[in-house]
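Me: I would like to learn how to read a model like this one. Please show it to me, then take me through it feature by feature.

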Amino acid sequence: MTPTLSGRIQTRLFLVATVAAVWTLIIGPALVPIAGGGAGISDVYRLAFGALVLVAVVGIAWELLYHGLQQYRWEKDWPTLFGLVTGLPEGIVVFALLSAGLPWDVGDVPTDAFTVHFATTWLVIWLVANGPMRVAFIRWRFRGGQLL
Amino acid sequence: MNGDDTVIVGRGGSDRGGQGDLTDHLIETSLWTDQDVEAAGIPIVDVPFVSVGAGLGSFAMVDFLRSGGVPVGEIRVLGDSITPTETYEYLATNSQIPRHERLRSDSGSVMDNIWGFPSYALREAWSKRSPRRVWQVVTEPILDEYFTPQAGQVYESVEREAKRIGWEDMVVLGYVRMVRKRHGGGYFAVQTRTEPRGTTRLAYRCRFVHLAIGYPGVAFLPDLQEYRDRTGDFTRVVNAYEPHDHVYEEMRRRPCTVLVRGSGIVASRILQRLFDDRTDRGAQTRVVHLFRNYVAGPQGDSARFRRPGANGFAYQAFNFPKAAWGGQLRVDLEKLDGEGRAELLGKMGGTNTAPRRSWKRQIEQATADGHYEQQVGSVEAVEPTPTGDAIVTRIRTSAGDRHEINAQFIIDATGLLARLDEHRLMADLMEHTGADTNPYGRLDVEPNFEVRGTASEPGRLYASGSMTLGGYYAGVDSFLGLQYAALQIADDLADHGLGKRIRTARSVSQWWRWMRNREP
């Protein structure tokens with residue numbers, strides 16, 4: 001899929017709200033022991049869904065940046081690899097914002113649990129965006145990722 | 001649309017033509033009545049949808065319709081081959097892409113799968129039990145070159161899909177030379193067949209017609225066409241798209257000089273073949289490459305619209321930038337009309353080739369070894385040498401100098417013929433059915449690929465493929481472009497009552513049927 005700006009944003013919001021949310025629900029119990037420090041499942045979900053909110057909201061700013069960079073590519077595309085490696089800077093920013101108490105206070109962010117959650121969620125989103133999305137939405141790839 | 005003399009057929013291929021001929025009245029009349037056709041003795045077949053061409057354009061169209069729930073009995077495909085890849089393979093093989101070589105098409109442009117998933121790269125990795133192609137498609141074009149499928153993979157998978165959708169039951173062999181509007185709505189598509197009992201004709205009375213006839217033929221540069229017309233020499237001056245193996249055979253027998261004209265993807269293929277023959281088959285060929293427009297460096301004044309270029313070639317992975325198929329450039333183009341559209345198309349397209357490392361290496365090596373040289377200039381004359389064993393090409397450089405190039409062969413790698421008036425059906429369509437040309441001189445279509453000016457309420461006439469270049473979509477002459485057009489047309493047909501729109505539930509269930517190789 002070669003994204004347009006609105007396609008980027010729509011696809012991100014859709015995948016975070018669906019695929020990432022379901023994945024987070026599934027992986028939550030496995031994160032409890034990794035988080036340690038007496039954290040319960042509700043603490044883990046508080047952390048994980050906080051991260052998803054940031055991926056969605058701050059992600060809009062990231063998409064504006066990516067779209068700007070895309071203008072310097074002749075093909076006006078966004079290689080698959082970029083979609084994967086941008087998880088690194090985005091993850092760092094989300095970690096910093098969570099630590100600063102955004103979008104809500106989660107106390108000290110357990111680094112291991114955050115990393116496992118963020119990395120696996122990012123990977124699942126990336127995999128779904130690179131194949132199964134086309135099956136569910138046959139026009140999606142021709143419309144730059146727009147769903148509406 | 002039922003007439004008294006209607007011939008009802010159950011399955012394609014069995015539609016029987018009659019001896020009736022096109023009368024002067026029919027030929028001269030743009031709007032036909034049922035009585036006109038019956039009076040001429042041409043049997044009528046009623047079918048809602050007809051696709052003319054029977055190549056990959058028709059195949060993409062029918063693949064979508066079948067997934068949209070249109071039964072085999074409501075579709076007829078009219079063309080001269082039962083195999084949808086036949087013409088494509090013929091042209092690809094001539095232009096030196098045998099089955100094991102790779103096409104210029106991306107992993108997700110999957111001809112036999114309307115979703116593009118699983119992609120060619122995943123399927124090749126699976127069949128070869130090797131992660132190499134997955135790595136390539138994940139890291140393209142940053143750490144690796146774009147993945148492109150092997151020609152054979154495309155042909156074989158299309159064959160499988162053709163069986164799944166009942167292709168052979170829909171195809172009826174024969175040429176369609178006219179599509180005329182019908183009094184009362186819809187169209188007549190007249191098919192002519194040469195059979196042992198003589199020429200027969202059939203009139204398909206249909207509400208919807210789709211045209212995907214491809215290129216009318218090969219095109220020669222004017223000076224080479226003039227040379228062939230004047231001398232009758234079809235052996236030494238050849239087109240890359242016509243059979244020309246004798247050229248390579250001769251070059252293996254004795255040292256020759258060959259002049260290659262053109263700098264697009266086909267020229268790259270031809271150069272590869274010539275260099276491969278030197279390294280693998282002992283040929284002693286010297287290659288002179290003549291450029292009309294030499295690309296010395298990147299093209300474009302703006303950092304945000306600059307195409308890579310070097311050594312004479314403009315480089316991009318596919319014939320248009322990737323975003324022309326579904327990204328921001330598709331959106332930009334759809335907003336433009338007339339000259340503005342032609343200008344953007346020209347900037348994104350034009351003559352260009354793929355930046356493959358293996359090709360660049362071959363050229364560097366051959367240049368260093370002294371058996372490849374580049375010349376830039378316009379051709380003033382092409383003539384046989386007095387001894388008749390070579391051809392001399394007289395060129396004039398931009399500085400005004402004159403040079404002569406002697407070569408045993410000239411390969412014209414500049415393209416295929418795209419003039420509409422060279423095709424009987426297209427010429428007839430413009431004269432009688434209301435079709436017109438776009439800023440590129442090809443068939444003028446709406447964004448949904450309906451041919452402008454040809455509606456015959458409640459019928460519609462659509463076109464896809466190379467003949468629609470210059471319209472609102474750039475990549476029409478590509479696998480993904482054919483699928484894009486097919487989807488637009490299928491949606492419009494669904495709005496007009498033929499088949500259903502492929503929404504999420506249908507899409508997923510049809511995909512699952514595809515995965516299990518069950519009929520749609």
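Me: Which residue stands opposite Thr192(B) in strand 9 of chain B?

Reply: Arg201(B) does. Helices (H or I, at least four residues) and strands (E, at least two) are DSSP runs, numbered from the N terminus. Keep in mind that this is a predicted model: local features need pLDDT of at least 70, side-chain atom pairs count only at pLDDT 80 or more, and totals for chains, interfaces and linings use all residues. Residues are numbered from 1 along each chain as its sequence is written, and chains are lettered from A and ligands numbered from 1 in the order in which they are written.

Me: In which sense do strand 8 and strand 9 of chain B pair?

Reply: Strands pair if DSSP finds at least two bridges between them. Here strand 8 and strand 9 (residues 198–206) of chain B run antiparallel, with nine bridges. They make a hairpin, and two residues lie between them.

Me: What does strand 8 of chain B do with strand 7 of chain B?

Reply: Strand 7 (residues 175–182) and strand 8 (residues 187–195) of chain B also pair in the antiparallel sense, over six bridges. Tyr175(B) has Thr192(B) as its bridge partner.

Me: What is the strand order in the open sheet of chain B?

Reply: Read it as 6-5-4-10-25, five strands with parallel pairing. Strand 6 (171–173) and strand 25 (460–463) of chain B are the edges, each pairing on one side only. From one strand to the next, the twist averages 20°. Strand 10 (residues 208–211) of chain B joins strand 25 of chain B through four bridges. There, His210(B) has Tyr462(B) as bridge partner.

Me: Which strands does helix 3 of chain B touch?

Reply: Contact is set by C-beta atoms, placed from the backbone, that lie within 7 Å. Helix 3 (residues 56–67) of chain B packs on the sheet and touches strand 4 (49–53), strand 5 (75–79) and strand 10 of chain B. Its direction makes about 155° with that of strand 4 of chain B. Axes are lines fitted to C-alpha atoms, for helices over the stretch in contact, and angles run from 0 to 180 degrees between N-to-C directions.

Me: How many helices has chain A?

Reply: Chain A has six helices and zero strands. From the N terminus, its elements read α-α-α-α-α-α.

Me: At what angle do helix 2 and helix 5 of chain A cross?

Reply: Two packed helices are described by the angle and the distance between their axes. Helix 2 (residues 41–70) and helix 5 (residues 111–129) of chain A cross at roughly 50°, their axes coming within 10 Å. Val44(A), Leu47(A), Ala48(A) and Ala51(A) of helix 2 meet Ala113(A), Phe114(A), His117(A) and Phe118(A) of helix 5 of chain A.

Me: How many residues of chain A are in contact with chain B?

Reply: 25 residues of chain A are in contact with 33 residues of chain B. Helix 3 (80–85) and helix 6 (132–136) of chain A each supply at least two residues of chain A's side. Helix 6 of chain A gives the largest share, four residues.

Me: What percentage of chain A is buried?

Reply: Count other C-beta atoms, placed from the backbone, within 10 Å of a residue's own: 20 or more is buried, 12 or fewer exposed, in between partly exposed. In chain A, 39% of the 148 residues are buried. Its C-alpha atoms fill a box of roughly 50 × 30 × 25 Å along the principal axes.

How values were computed:
Contact = placed C-beta atoms within 7 Å.
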